[in-house]
Amino acid sequence: MLRLKNIRTLDGSILPDIDVDDGKDSSAERDMGELTAVPGYFDSHIHGSFGLDVSDGNAADVVKMAQKLPSLGVSDFLPTLMTLDEDKILKAAEAVSEARESLKASDGAYAKIAGLRLEGPCLSPLKAGVQDPGSLVSADRLKEIITGLESGFPGLVKMIDVAPEIDGVIDLVREYDDRYVFSLAHSDCDYGKAFEFFEAGGKCLTHALNAVKPCLKREPGPLGAAFDHEDSYIEVICDGHHVDKTVLRMLFKLFDGRIAVISDAMRAAGMPDGTYDLGGTPVESRGGRTYFGPSGNLAGSVTDLSQESERLLSYGISKKQIFRALTDTPKERLNVEKCGIFEDGKPDLNFVDDHLRLMCVISRGRLVTTGIML
């Protein structure tokens, strides 16, 4: 058992001492005063990491992923599917549901599964990107898929990414906006249709400025619609590849309190450079960036929230804004309890240095560290 003392938070307050399980029989103390304690991060858009992918539909792999994510500072995550055929969606949902129950019975460290996110399959073929165009469906077909998921796994699905211009999508959002968080994604819609989506109950813009129309001086597009609809949120991949650092500074000012940092990571994250499968498409990971197709387009990321926090600080974003975007805002968007250090009576917190480097993690009351700090 290890007692952590002099635990300082971002606002300068000092927390009571915390006892954590360090896997040792002897009692020891550690002064944490030179570091800052923050809640564990919430990754609300992540397909995979460590060579694993949620879309494979393997419960054991989802469990492994959940057990590895605390090493990156992640305490909660929303496993995210690619656009898949219905049978594969149901298989993956079963795997996530099984993994969540298995983890609940575990006494070890793990990132909690907040539910399931569907990125598709009701998206625009014009903006599908790496998503499988052959698995795209109509709004009516999506409704049937949702019904099947609710029948088999009630309450599991939390977020659904859709393209508002597809016939019937706006009506679907109006019908289910009290049950799911709908996010605008992989869409060729203009400002007007995007604003209609938000008015109908849509809540978010997926990986802002990627796989949607751009924000131009006379056509502000989905980003402009999200800005004008003050109840909406945007999520951003802050790896330095998907969005330029100057634009990130602009977004954090324009959407202060309404921006969620996501990884959108694929199975290549945390792995050596090479070619990896993403939703049935070979994607190359090289030098911290993804490439697919003859033009070498981006396809998700190979970063994590801890790395993104360091980059955001180096770009000039304030620590307060960064940590809100990593913790409270993603949960607020899902209308769940905001991040705290204690959940289920067990501490979940990260210790970072002045550069926001992750130095030590406490996951569900257990010490998780790479040896940098302790």
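Helix H3 buries Ala139, Leu142, Ile145, Ile146, Leu149 and Glu150. Seen down the helix axis, these residues fall within an arc of 135°, so they line one face of H3. The model is predicted.

**Helix H3**

- H3 covers residues 139-152, 14 residues in total; at 1.5 Å a residue they should span 20 Å, and the end C-alpha atoms are 20 Å apart, which agrees.
- Asp140 and Ser151 are exposed, on the face of H3 turned away from its buried side.
- The cover over the buried residues of H3 includes H2, strand S12 (116-119), strand S13 (157-162) and helix H4 (169-176).
- An α-helix has 3.6 residues a turn, so residues three or four places apart point the same way.

**Helix H2**

- H2 is made of 19 residues. From first C-alpha to last it reaches 27 Å, close to the 27 Å expected at 1.5 Å a residue.
- Its buried residues are Ile89, Ala92, Ala93, Ala95, Val96, Ala99, Arg100 and Leu103.
- Viewed down the axis of H2, they fall within an arc of 160°, so they line one face of the helix.
- That buried set packs against helix H1 (59-68), strand S10 (74-81), strand S11 (112-113), S12 and H3.

**Ile89, a residue of H2**

- Ile89 belongs to helix H2.
- Is Ile89 buried or exposed? Its relative accessible area is 2%, so Ile89 is buried.
- Gly57 lies 32 residues from Ile89 in sequence, and their C-alpha atoms are 8.0 Å apart in space.

**Strand S10 and its partners**

- Eight of the eight residues of S10 are buried, so the strand is largely enclosed by the rest of the structure.
- Strand S7 (residues 41-46) runs parallel to S10, and four bridges join them. Asp43 stands opposite Phe77 in S10.
- S11 is also joined to S10 in parallel, by two bridges. Here Phe77 stands opposite Ile113 in S11.
- S12 runs parallel to S10 as well, again with two bridges. Leu81 stands opposite Leu118 in S12.

**Nonpolar cores**

- In soluble globular proteins, nonpolar side chains tend to be buried together.
- The largest nonpolar core holds 92 residues; Leu69, Phe77, Ile160, Ile234, Val236 and Leu312 touch the most other members.
- Helix H2 (residues 86-104) gives this core its largest share, six residues.
- A second, separate core has 13 residues, including Leu2, Met32, Ala37 and Phe351.
- Which residues does Leu69 contact, leaving aside its neighbours within four places in sequence? They are Ile46, Phe50, Val74, Phe77 and Ala111.

**Four-stranded open sheet**

- Four antiparallel strands make up this open sheet, in the order S6-S23-S24-S25.
- Strand S6 (36-39) and strand S25 (366-368) are its edges, and each pairs on one side only.
- From one strand to the next, the twist averages 25°.
- Strand S24 (residues 358-363) pairs with S25 over three bridges, in the antiparallel sense. Val361 has Val368 in S25 as its bridge partner.

**Three-stranded open sheet**

- This open sheet has the order S18-S19-S20, and its pairing is antiparallel.
- Its edge strands are S18 (274-278) and S20 (289-291), and each pairs on one side only.
- Neighbouring strands are turned by 35° against each other on average, direction ignored.
- Three bridges link strand S19 (residues 281-286) to S20, in the antiparallel sense. Glu284 stands opposite Tyr291 in S20.

How values were computed
Residues are numbered from 1 along each chain as its sequence is written. This is a predicted model: local features need pLDDT of at least 70, side-chain atom pairs count only at pLDDT 80 or more; totals for chains, interfaces and linings use all residues. Side-chain values use heavy atoms; hydrogens and water are left out. Two strands pair if DSSP finds at least two bridges between them. Axes are lines fitted to C-alpha atoms, for helices over the stretch in contact, and angles run from 0 to 180 degrees between N-to-C directions. A nonpolar core is a set of buried Ala, Val, Leu, Ile, Met, Phe, Trp, Tyr and Cys residues joined through side-chain atoms within 4.5 Å. Buried means under 20% relative accessible area, exposed over 50%, partly exposed in between (1.4 Å probe, protein chains only). Contact means heavy atoms within 4.5 Å. The expected span of a helix is 1.5 Å times one less than its number of residues. The arc is that of the directions from the helix axis to the C-beta atoms.
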